[in-house]
Amino acid sequence: KIVLGLDTMVMDNNDALKREGVDPTYKKVKGFQPIHLYWGRFIIDTILRNGTAHSNHGNNVERTIVNAVRLIRKHYSTEVPIVLLADTGFFDEVIFKLCNELGIGFIIGGKMYADIKQTVAETPDDNFYEYKIGKRLWYFLDFTDSRGSWDTTYRCIYTKPISDKSGQILLEFDRPESILYTNLGMDNEVSRKLTEINDISSVEPEVIIAAYHSRARDELVNRAFKDFGTEQLPLKRFAANSVFYYLMAIAFFLFESFKEDMNNDAIPTTWYPETFRRRFMDVAGKIVYSGRKVTLKMTELFFNLFNLSELWIKSASLNPVLII
(Lines give C-alpha, C1' and ligand atoms only; values in the text may rest on other atoms or scores of the structure.)
Protein backbone atom coordinates (compact mmCIF):
# COMPACT_ATOMS: atom_id res chain seq x y z
CA LYS A 1 0.00 0.00 0.00
CA ILE A 2 1.01 3.63 -0.48
CA VAL A 3 0.45 5.99 2.46
CA LEU A 4 0.42 9.71 1.65
CA GLY A 5 0.47 12.54 4.19
CA LEU A 6 -1.08 15.96 3.64
CA ASP A 7 -0.18 19.02 5.73
CA THR A 8 0.83 22.67 5.61
CA MET A 9 4.16 24.18 6.65
CA VAL A 10 4.59 27.68 8.05
CA MET A 11 7.67 29.55 6.77
CA ASP A 12 8.53 32.28 9.26
CA ASN A 13 9.38 35.53 7.42
CA ASN A 14 8.37 37.70 10.37
CA ASP A 15 11.65 39.61 10.63
CA ALA A 16 12.31 39.78 6.89
CA LEU A 17 11.75 42.88 4.79
CA LYS A 18 8.30 43.28 3.32
CA ARG A 19 7.53 40.50 0.84
CA GLU A 20 4.62 39.95 -1.50
CA GLY A 21 2.48 37.12 -0.06
CA VAL A 22 3.90 37.39 3.47
CA ASP A 23 0.80 37.37 5.68
CA PRO A 24 -0.10 36.40 9.26
CA THR A 25 -0.21 32.63 9.82
CA TYR A 26 -1.91 30.50 12.45
CA LYS A 27 1.42 30.27 14.32
CA LYS A 28 1.25 34.04 15.00
CA VAL A 29 4.15 34.88 12.68
CA LYS A 30 4.09 36.45 9.23
CA GLY A 31 5.22 34.29 6.37
CA PHE A 32 4.15 31.77 3.75
CA GLN A 33 2.13 28.59 4.26
CA PRO A 34 2.71 26.05 1.47
CA ILE A 35 0.83 22.77 1.32
CA HIS A 36 2.89 19.56 1.18
CA LEU A 37 2.07 16.03 0.08
CA TYR A 38 4.41 13.50 1.71
CA TRP A 39 5.45 9.96 0.92
CA GLY A 40 7.64 8.95 3.82
CA ARG A 41 10.64 11.32 3.89
CA PHE A 42 9.83 12.67 0.42
CA ILE A 43 7.83 15.80 -0.41
CA ILE A 44 6.24 14.63 -3.66
CA ASP A 45 4.05 17.65 -4.35
CA THR A 46 3.74 21.17 -3.00
CA ILE A 47 2.00 24.48 -3.65
CA LEU A 48 3.45 27.73 -2.30
CA ARG A 49 0.71 29.92 -0.79
CA ASN A 50 0.50 33.13 1.20
CA GLY A 51 0.37 33.02 4.98
CA THR A 52 -3.39 33.48 5.33
CA ALA A 53 -4.22 30.46 3.16
CA HIS A 54 -5.76 27.92 5.54
CA SER A 55 -5.20 24.18 5.22
CA ASN A 56 -8.12 23.50 2.86
CA HIS A 57 -7.78 26.72 0.87
CA GLY A 58 -9.48 26.89 -2.53
CA ASN A 59 -9.08 23.77 -4.67
CA ASN A 60 -5.41 23.23 -3.76
CA VAL A 61 -6.08 20.00 -1.88
CA GLU A 62 -8.30 18.48 -4.56
CA ARG A 63 -5.73 19.25 -7.29
CA THR A 64 -2.92 17.76 -5.21
CA ILE A 65 -4.78 14.54 -4.43
CA VAL A 66 -6.06 14.02 -7.99
CA ASN A 67 -2.61 14.58 -9.53
CA ALA A 68 -0.91 12.16 -7.12
CA VAL A 69 -3.46 9.39 -7.64
CA ARG A 70 -3.36 9.87 -11.42
CA LEU A 71 0.44 9.52 -11.51
CA ILE A 72 0.43 6.47 -9.21
CA ARG A 73 -2.27 4.73 -11.26
CA LYS A 74 -0.55 5.54 -14.57
CA HIS A 75 3.09 4.87 -13.76
CA TYR A 76 3.03 2.38 -10.88
CA SER A 77 -0.12 0.32 -10.37
CA THR A 78 -3.85 0.52 -10.97
CA GLU A 79 -4.53 -1.82 -8.05
CA VAL A 80 -2.26 -0.71 -5.19
CA PRO A 81 -4.26 0.61 -2.19
CA ILE A 82 -3.65 4.31 -1.46
CA VAL A 83 -4.37 5.85 1.96
CA LEU A 84 -4.36 9.59 2.69
CA LEU A 85 -3.52 10.94 6.18
CA ALA A 86 -4.39 14.51 7.20
CA ASP A 87 -5.18 16.51 10.32
CA THR A 88 -8.28 18.43 11.38
CA GLY A 89 -7.47 21.31 9.03
CA PHE A 90 -8.61 19.12 6.13
CA PHE A 91 -11.86 18.01 7.77
CA ASP A 92 -14.25 18.48 4.85
CA GLU A 93 -16.79 16.15 3.24
CA VAL A 94 -15.66 17.41 -0.17
CA ILE A 95 -12.31 15.68 0.44
CA PHE A 96 -14.07 12.58 1.78
CA LYS A 97 -16.20 12.33 -1.37
CA LEU A 98 -13.19 12.89 -3.62
CA CYS A 99 -11.31 10.04 -1.94
CA ASN A 100 -14.31 7.76 -2.43
CA GLU A 101 -14.57 8.75 -6.09
CA LEU A 102 -10.86 8.06 -6.64
CA GLY A 103 -11.10 4.73 -4.82
CA ILE A 104 -8.57 5.62 -2.12
CA GLY A 105 -8.74 5.47 1.67
CA PHE A 106 -8.47 8.37 4.08
CA ILE A 107 -7.83 8.92 7.78
CA ILE A 108 -8.54 12.55 8.65
CA GLY A 109 -8.89 14.27 12.01
CA GLY A 110 -12.36 15.53 12.91
CA LYS A 111 -13.82 18.10 15.26
CA MET A 112 -15.29 17.40 18.68
CA TYR A 113 -18.81 18.73 18.25
CA ALA A 114 -21.21 18.82 21.19
CA ASP A 115 -23.39 15.98 19.87
CA ILE A 116 -20.33 13.73 19.49
CA LYS A 117 -19.30 14.44 23.08
CA GLN A 118 -22.83 13.58 24.16
CA THR A 119 -22.74 10.32 22.19
CA VAL A 120 -19.45 9.37 23.83
CA ALA A 121 -20.75 10.27 27.29
CA GLU A 122 -23.89 8.17 26.83
CA THR A 123 -22.04 5.11 25.50
CA PRO A 124 -21.66 2.27 28.07
CA ASP A 125 -18.10 1.60 29.28
CA ASP A 126 -18.21 -1.92 27.84
CA ASN A 127 -18.10 -0.46 24.31
CA PHE A 128 -14.70 1.19 24.85
CA TYR A 129 -11.42 -0.61 24.18
CA GLU A 130 -7.78 0.03 25.07
CA TYR A 131 -4.94 0.81 22.67
CA LYS A 132 -1.28 0.79 23.74
CA ILE A 133 2.07 1.88 22.22
CA GLY A 134 5.01 1.29 24.54
CA LYS A 135 3.89 2.66 27.90
CA ARG A 136 1.35 5.07 26.41
CA LEU A 137 -2.25 3.97 26.79
CA TRP A 138 -5.45 5.25 25.17
CA TYR A 139 -9.03 4.11 25.19
CA PHE A 140 -11.15 4.40 22.06
CA LEU A 141 -14.69 4.06 20.73
CA ASP A 142 -15.48 2.87 17.19
CA PHE A 143 -18.80 4.08 15.73
CA THR A 144 -20.29 5.83 12.67
CA ASP A 145 -21.20 9.48 12.25
CA SER A 146 -22.69 11.87 9.72
CA ARG A 147 -22.91 15.64 10.04
CA GLY A 148 -26.22 17.36 9.34
CA SER A 149 -25.30 18.52 5.83
CA TRP A 150 -23.63 15.27 4.78
CA ASP A 151 -25.09 12.69 2.40
CA THR A 152 -22.95 9.79 3.66
CA THR A 153 -22.13 8.17 6.98
CA TYR A 154 -18.47 7.55 7.75
CA ARG A 155 -16.57 5.48 10.27
CA CYS A 156 -15.54 7.47 13.32
CA ILE A 157 -12.96 6.59 16.01
CA TYR A 158 -12.88 8.55 19.26
CA THR A 159 -9.65 8.40 21.31
CA LYS A 160 -8.56 9.72 24.70
CA PRO A 161 -5.20 9.10 26.43
CA ILE A 162 -5.00 7.44 29.85
CA SER A 163 -1.22 7.60 30.44
CA ASP A 164 1.77 9.43 28.97
CA LYS A 165 4.88 7.95 27.32
CA SER A 166 6.42 7.17 30.71
CA GLY A 167 3.33 5.26 31.83
CA GLN A 168 2.24 7.99 34.26
CA ILE A 169 -1.55 8.19 34.60
CA LEU A 170 -2.90 11.52 33.34
CA LEU A 171 -5.39 13.60 35.26
CA GLU A 172 -8.76 14.14 33.61
CA PHE A 173 -8.07 17.75 32.59
CA ASP A 174 -4.86 16.66 30.83
CA ARG A 175 -6.49 14.09 28.54
CA PRO A 176 -7.03 15.70 25.11
CA GLU A 177 -9.86 14.09 23.18
CA SER A 178 -9.51 13.47 19.45
CA ILE A 179 -11.67 11.98 16.75
CA LEU A 180 -10.77 10.41 13.40
CA TYR A 181 -12.92 9.96 10.30
CA THR A 182 -12.12 7.22 7.82
CA ASN A 183 -13.62 5.11 5.05
CA LEU A 184 -11.39 2.13 5.88
CA GLY A 185 -13.27 -0.90 7.12
CA MET A 186 -16.42 0.12 5.26
CA ASP A 187 -17.96 -1.43 2.16
CA ASN A 188 -15.64 -0.03 -0.51
CA GLU A 189 -12.89 -1.07 -2.91
CA VAL A 190 -9.89 0.22 -0.96
CA SER A 191 -10.93 -1.70 2.17
CA ARG A 192 -11.26 -4.90 0.18
CA LYS A 193 -7.80 -4.42 -1.35
CA LEU A 194 -6.25 -3.75 2.06
CA THR A 195 -7.78 -6.86 3.59
CA GLU A 196 -6.53 -8.90 0.62
CA ILE A 197 -2.89 -7.87 1.12
CA ASN A 198 -2.74 -7.41 4.90
CA ASP A 199 -5.71 -9.49 6.14
CA ILE A 200 -8.48 -7.99 8.27
CA SER A 201 -6.08 -6.38 10.76
CA SER A 202 -5.26 -3.58 8.28
CA VAL A 203 -8.65 -1.95 8.91
CA GLU A 204 -8.78 -2.57 12.65
CA PRO A 205 -9.17 0.60 14.78
CA GLU A 206 -5.77 0.11 16.49
CA VAL A 207 -4.02 0.11 13.09
CA ILE A 208 -5.95 3.20 11.96
CA ILE A 209 -5.07 5.07 15.17
CA ALA A 210 -1.39 4.11 14.82
CA ALA A 211 -1.38 5.32 11.21
CA TYR A 212 -2.84 8.68 12.24
CA HIS A 213 -0.25 9.07 15.02
CA SER A 214 2.52 8.43 12.45
CA ARG A 215 1.68 11.81 10.91
CA ALA A 216 4.12 13.34 13.40
CA ARG A 217 6.93 12.24 11.06
CA ASP A 218 5.77 14.82 8.52
CA GLU A 219 6.90 17.55 10.92
CA LEU A 220 10.39 16.05 10.85
CA VAL A 221 10.34 16.26 7.05
CA ASN A 222 9.40 19.96 7.32
CA ARG A 223 12.29 20.50 9.71
CA ALA A 224 14.71 18.79 7.31
CA PHE A 225 13.35 20.83 4.38
CA LYS A 226 13.99 24.11 6.18
CA ASP A 227 17.41 22.87 7.26
CA PHE A 228 18.23 21.95 3.66
CA GLY A 229 17.32 25.32 2.18
CA THR A 230 15.96 28.36 3.97
CA GLU A 231 12.82 29.37 5.78
CA GLN A 232 12.98 32.97 4.59
CA LEU A 233 12.41 33.39 0.88
CA PRO A 234 14.82 36.06 -0.41
CA LEU A 235 12.99 37.81 -3.24
CA LYS A 236 10.44 40.60 -3.39
CA ARG A 237 7.73 39.30 -5.73
CA PHE A 238 5.64 36.22 -5.04
CA ALA A 239 6.24 34.75 -8.51
CA ALA A 240 10.02 35.02 -8.12
CA ASN A 241 9.85 33.50 -4.63
CA SER A 242 7.73 30.67 -6.06
CA VAL A 243 10.47 29.78 -8.54
CA PHE A 244 13.06 29.83 -5.75
CA TYR A 245 10.83 27.71 -3.49
CA TYR A 246 10.02 25.06 -6.12
CA LEU A 247 13.68 24.70 -7.09
CA MET A 248 14.46 24.23 -3.41
CA ALA A 249 11.74 21.54 -3.18
CA ILE A 250 13.15 19.71 -6.24
CA ALA A 251 16.69 19.87 -4.82
CA PHE A 252 15.49 18.53 -1.46
CA PHE A 253 13.78 15.63 -3.23
CA LEU A 254 17.05 14.83 -5.03
CA PHE A 255 18.93 15.02 -1.72
CA GLU A 256 16.59 12.48 -0.10
CA SER A 257 16.78 10.32 -3.23
CA PHE A 258 20.58 10.35 -3.09
CA LYS A 259 20.56 9.08 0.50
CA GLU A 260 18.04 6.39 -0.44
CA ASP A 261 20.06 5.29 -3.48
CA MET A 262 23.35 5.16 -1.57
CA ASN A 263 21.71 3.18 1.24
CA ASN A 264 24.72 2.25 3.36
CA ASP A 265 25.99 2.73 6.90
CA ALA A 266 28.30 5.57 5.91
CA ILE A 267 25.43 7.84 4.77
CA PRO A 268 22.26 6.93 6.72
CA THR A 269 18.91 7.95 5.27
CA THR A 270 18.10 9.53 8.65
CA TRP A 271 20.77 12.23 8.34
CA TYR A 272 19.48 15.79 8.36
CA PRO A 273 20.95 18.14 5.72
CA GLU A 274 23.15 19.93 8.27
CA THR A 275 24.63 16.61 9.42
CA PHE A 276 25.21 15.62 5.78
CA ARG A 277 26.98 18.90 5.08
CA ARG A 278 29.19 18.74 8.17
CA ARG A 279 30.21 15.10 7.87
CA PHE A 280 30.23 14.44 4.14
CA MET A 281 30.55 17.74 2.26
CA ASP A 282 32.75 19.90 4.52
CA VAL A 283 35.97 17.93 4.06
CA ALA A 284 39.43 18.81 2.81
CA GLY A 285 40.12 18.06 -0.81
CA LYS A 286 42.09 19.29 -3.80
CA ILE A 287 40.99 19.81 -7.39
CA VAL A 288 43.84 19.32 -9.85
CA TYR A 289 43.83 20.03 -13.59
CA SER A 290 46.52 18.09 -15.39
CA GLY A 291 46.81 16.35 -18.73
CA ARG A 292 43.45 17.80 -19.82
CA LYS A 293 41.77 16.02 -16.91
CA VAL A 294 40.15 17.36 -13.75
CA THR A 295 40.97 15.27 -10.69
CA LEU A 296 39.46 15.51 -7.21
CA LYS A 297 41.93 14.31 -4.58
CA MET A 298 41.04 13.55 -0.95
CA THR A 299 42.51 11.83 2.07
CA GLU A 300 42.61 8.06 2.36
CA LEU A 301 40.86 8.29 5.75
CA PHE A 302 37.84 10.07 4.26
CA PHE A 303 37.80 7.74 1.26
CA ASN A 304 37.64 4.65 3.45
CA LEU A 305 35.32 6.14 6.07
CA PHE A 306 32.53 6.72 3.55
CA ASN A 307 33.43 3.79 1.30
CA LEU A 308 33.59 6.12 -1.69
CA SER A 309 34.39 3.33 -4.11
CA GLU A 310 30.94 1.86 -3.49
CA LEU A 311 29.22 5.29 -3.60
CA TRP A 312 31.06 6.10 -6.84
CA ILE A 313 29.84 2.91 -8.50
CA LYS A 314 26.24 3.51 -7.39
CA SER A 315 26.27 7.05 -8.78
CA ALA A 316 28.29 6.27 -11.93
CA SER A 317 25.66 7.31 -14.49
CA LEU A 318 28.20 9.81 -15.86
CA ASN A 319 30.86 7.08 -16.07
CA PRO A 320 33.54 8.87 -14.02
CA VAL A 321 36.96 7.30 -13.65
CA LEU A 322 37.89 6.20 -10.13
CA ILE A 323 41.60 5.96 -9.24
CA ILE A 324 42.47 4.55 -5.81
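Helix 7 (residues 238–262) lies across strand 5 and strand 6, at about 170° to strand 6; contact here means heavy atoms within 4.5 Å. Helices (H or I, at least four residues) and strands (E, at least two) are DSSP runs, numbered from the N terminus. Angles run from 0 to 180 degrees between N-to-C directions, with axes fitted to C-alpha atoms, for helices over the stretch in contact. This is a predicted model, with local features needing pLDDT of at least 70 and side-chain atom pairs pLDDT 80 or more, while totals for chains, interfaces and linings use all residues. Residues are numbered from 1 along each chain as its sequence is written, and side-chain values use heavy atoms, leaving out hydrogens and water.

Helix 6 (residues 216–228) lies across strand 1 (2–8), strand 5 (35–39) and strand 6, at about 110° to strand 5. Its axis comes within 10 Å of that of helix 7, and the two cross at roughly 110°. That makes helix 6 roughly perpendicular to helix 7 (65 to 115 degrees). On the helix 6 side, the contact uses Val221, Ala224, Phe225 and Phe228; helix 7 brings Tyr245, Met248, Ala249, Ala251, Phe252 and Phe255.

As for the sheet, nine strands form an open one in the order 6-5-1-7-8-12-11-10-9, with mixed pairing (strands pair if DSSP finds at least two bridges between them). Strand 6 (42–47) and strand 9 (129–133) sit at the edges with a single partner strand each, so one side of each has no neighbour in the sheet. From one strand to the next, the twist averages 25°. Strand 7 (residues 82–86) and strand 8 (residues 105–109) run parallel, joined by four bridges.

Key
Parallel < 35°, antiparallel > 145°, perpendicular 65-115°, else oblique.
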